[in-house]
Amino acid sequence: MDEKVFEIIDKESKRQESTIELIASENHVSPAVMKAVGSCMTNKYAEGYPGKRYYSGCENHDAIESLAIERAKELFNCNYANVQPHSGASANIAVFLAFMNPGDKYASLVLSDGGHLSHGLKINISGKYFEPVHYPLIYDEDDDGFETINYDAVREVCLEHKPKMLLCGYSAYPRIIHFDKMREIADECGAYLMCDIAHIAGLVAGGVHPSPFPHAHVVTTTTHKTLRGPRGGLILTNDEEISTKIDRAVFPGSQGGPLMHIISGKAVCFGEALQPEFKDYSRKIVENAQALAKGLSGRGFRLVSGGTDNHLMLVDLRKKLPDNTGKEVAVWMESAGMIANHNGIPKDPRPPMQTSGIRLGTPAVTSRGMGPKEMDQIAEWIDRVIISKGDVLVLAKIRKEIKKFCLNFPLPH
Ligand SMILES: *Cc1c(COP(=O)(O)O)cnc(C)c1O
């Protein structure tokens, strides 16, 4: 064994065991997913698709990819699935390649309002080779929908610019997405509707967020966030012609050989998400998010849009902590044993490397079996960290409490 490497991996395992994971895009996978991902399936080149490979010896890889595809279709209630994208960003690149030519326009939410870097950031391929036009949130504080998607403005932007695609689905958006309204707008302006459910896939699979089907022309997602599978991507559609284009855009359009060990892990993950217990799991994620939101609001924090409908929330720190940044708070929280990321809030006056907010999510803590009571305890710890303004003695004391607390919530094994 490689001692250097496994010593580091062992340390990482201990870090995960002894800290509270609040990053909204992370999770703890099952031992079965872990085993599939660490299996001999990694040894094979399986370029092509089941039954149509370029290399010999792919019978088991055909079987496992077909199984993953069948389970993905059943889970999301659709007709076609491509399980080969290496990641969420790779899945999005493949869809762009399938639907657009370089220079074509598409409509999306800007990163600073909660979008993803693969939805048009200038230095990403999605912003460099294609032309994003961004639709806004509601920025009027007196509006009931403050900081939620402005669907009327989505329509206006689309009617004005006639984009090839309308892209919805976000990375830091705490509210329900109305896919039906998005499809109406897409139809009105002759655009394809692309739904990127990377963050909420597990909630969709568990029935606690509306499904993008039957509204979407194409759906992309990751498999490692709320869906609790291995790191990877997935593309879904109901349309045969679109599925053919997507398959070509993934391979050979933008990828080479598929990661067959990861696809094995995806098959396990989809199988787990098809079990009745997964519905329970996804319901608990949302319940926990609401408990955490309540615990924070009750302690005087302002949450973007006033709360959450899903697994995540954005805390606007300015009210309680006007002189420190989200970046500083994330560092303090880490010293205390809570892992979160600093995140911009809509119309954030601070630059992206500092920000006025932090993003918190409950998929990982829910996987460890924590419930609403523990969420209130976490809110209290966060509050103490912030009141202390990073006081090292306070952080050290909380660190000790959290280490002890974590012993009661072992990682899935
Ligand atoms: C996380 C995320 C992605 C990208 O996933 P990677 O696997 O990191 O490439 C794409 N879209 C959205 C909305 C995301 O939140």
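Helix 14 is followed by Lys389, a residue with a positive phi, near 50°; helices here are DSSP runs of H or I with at least four residues, strands are runs of E with at least two, and both are numbered from the N terminus. The structure is a predicted model, in which local features need pLDDT of at least 70 and side-chain atom pairs count only at pLDDT 80 or more, while totals for chains, interfaces and linings use all residues. Residues are numbered from 1 along each chain as its sequence is written, and side-chain values use heavy atoms, with hydrogens and water left out.

Helix 14 itself has 16 residues and reaches 23 Å from its first C-alpha to its last, close to the 22 Å expected at 1.5 Å a residue; the expected span is 1.5 Å times one less than the number of residues. Its buried residues are Glu374, Met375, Ile378, Ala379, Trp381, Ile382, Asp383, Val385 and Ile386. Buried means under 20% relative accessible area, exposed over 50%, and partly exposed in between, with a 1.4 Å probe and protein chains only.

Helix 15 comprises residues 392-406. With 15 residues, helix 15 spans 21 Å between its first and last C-alpha, close to the expected 21 Å.

Which residues of helix 15 are buried? They are Leu395, Ile398, Arg399, Ile402, Phe405 and Cys406. These residues lie on the same side of helix 15 because they cover an arc of only 125° around the axis, the arc being that of the directions from the helix axis to the C-beta atoms. An α-helix has 3.6 residues a turn, so residues three or four places apart point the same way. The buried residues of helix 15 pack against helix 1 (3-18), strand 1 (20-21), helix 12 (326-336), strand 13 (338-339) and helix 14 (372-387). On the face turned away from the buried side are the exposed residues Leu393, Lys397, Lys400 and Lys404.

Tyr151 lies in helix 6 (residues 151-161) and is buried, with a relative accessible area of 11%. Not counting residues up to four places away in sequence, Tyr151 touches Ile176, Ile177, His178, Lys181, Met182 and Ile185, contact meaning heavy atoms within 4.5 Å. Tyr151 and Met182 are 31 residues apart in sequence, with their C-alpha atoms 7.7 Å apart in space.

Gln255 sits in the loop between helix 9 (240-254) and helix 10 (260-273). Gln255 is also buried, at a relative accessible area of 8%. A polar atom of the Gln255 side chain lies 3.0 Å from the backbone oxygen of Gln84. Beyond its neighbours within four places in sequence, Gln255 is in contact with Gln84, Pro85, His86, Ser90 and Val250.

Val37, in helix 2 (residues 31-37), is partly exposed, with a relative accessible area of 27%. Leaving aside neighbours within four places in sequence, the contacts of Val37 are Pro230, His261, Ile262 and Gly265.

Technical notes
A polar contact is a pair of N or O atoms within 3.5 Å; within protein, one must be able to donate a hydrogen and the other to accept it, and residues adjacent in sequence count only if both atoms are side-chain atoms.
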